[in-house]
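Subject: The model we talked about

Hi there,

Here is the structure I promised to pass on. Have a look at it first, and my notes follow below.

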Amino acid sequence: MKKLLFLSVALATVMLLSCGGGGRHQADREEDTVDVNDLIRDHTLYGLCAGVPSASQLKVVTDNGDTLTLDVTPAKGTNKMFGYVRPGDRLAIMTNSNQTQATEVINLNYLLGDWVMPDPLDGSDEVGIRIKEGGVAESIEMTNITYRTWRIFNGKLEITSIREGGGQSEETDYYDILKLSQDTLIYKTIGKPQDEEETLEYTRWKEKPTPDLHGLKLEEHQDEYMKL
């Protein structure tokens, strides 16, 4: 009888400890749990510039219809004001948690367009990227890479492309924007091994002026080999 009583008490104690331990482990798991979706969520705020009340403030009407007045001092302090901002410009903005300060401001109107640089192989031609509305990207005079899409993701420039020899599989690269003005776009690769990092420096494509022949006209020839 005493043995049975002892076994009953021991069994109850083990069960109690198991329940308590399980609760403790569960609590530990809950505390250590990271929201995976939060790691892939874009926290960029998009909207239109509604005004520039002062040198340190920016008024924005967001895509959700909210009107915010942001302190841009943090963005200016870290040189992350990309593009001169005017009312009506479309912006991509990174803010603090309560959306009172802008830590990065990208003028998307400036980002759109044709950006070129001398061909790295021989410098004879201009190659580059065409950044279009709707997240569309295209290659300019490039045979080894085909740009497909672009977007701003958490303040970074994300570009997808297909490279020569890569089949039809898309490759996604991320870049830190270093400079963006009316005529200049510079960005640097991130998240890659050091030997694969590169800084791309573009200028906005401009149509070449027609050469002044001082009144002379090029003679047209019927002979196919004599045509200029």
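A word on confidence to begin with: pLDDT is the predictor's confidence in each residue, on a scale from 0 to 100. For this protein the average pLDDT is 82, and 73% of the residues score at least 70. Residues 1–11 stay under 50, and the model gives them zero contacts beyond four places in sequence, where contact means heavy atoms within 4.5 Å. Over residues 13–36 the pLDDT is also below 50, with two contacts in the model beyond near neighbours in sequence.

Two housekeeping notes. This is a predicted model, in which local features need pLDDT of at least 70 and side-chain atom pairs count only at pLDDT 80 or more, while totals for chains, interfaces and linings use all residues. Residues are numbered from 1 along each chain as its sequence is written, and side-chain values use heavy atoms, with hydrogens and water left out.

Threonine 44 sits in the loop that runs between helix H2 (36–39) and strand S1 (45–54); helices (H or I, at least four residues) and strands (E, at least two) are DSSP runs, numbered from the N terminus. Its relative accessibility is 10%, so threonine 44 counts as buried (buried is under 20% relative accessible area, exposed over 50%, partly exposed in between, with a 1.4 Å probe and protein chains only). The side chain of threonine 44 makes a polar contact of 2.6 Å with the side chain of aspartate 42, and also reaches the backbone nitrogen of asparagine 154 at 3.0 Å. A polar contact here is a pair of N or O atoms within 3.5 Å; within protein, one must be able to donate a hydrogen and the other to accept it, and residues adjacent in sequence count only if both atoms are side-chain atoms. Beyond four places in sequence, the residues touched by threonine 44 include Ile93, Met94 and Phe153.

Alanine 102 belongs to strand S6 (residues 102–107). With 0% relative accessibility, alanine 102 is buried. Its contacts outside four places in sequence include Leu70, Val72, Ile93 and Met94.

Threonine 146 is part of strand S10 (residues 145–153). Is threonine 146 buried, exposed or partly exposed? Threonine 146 has a relative accessible area of 42%, so it counts as partly exposed.

Best wishes
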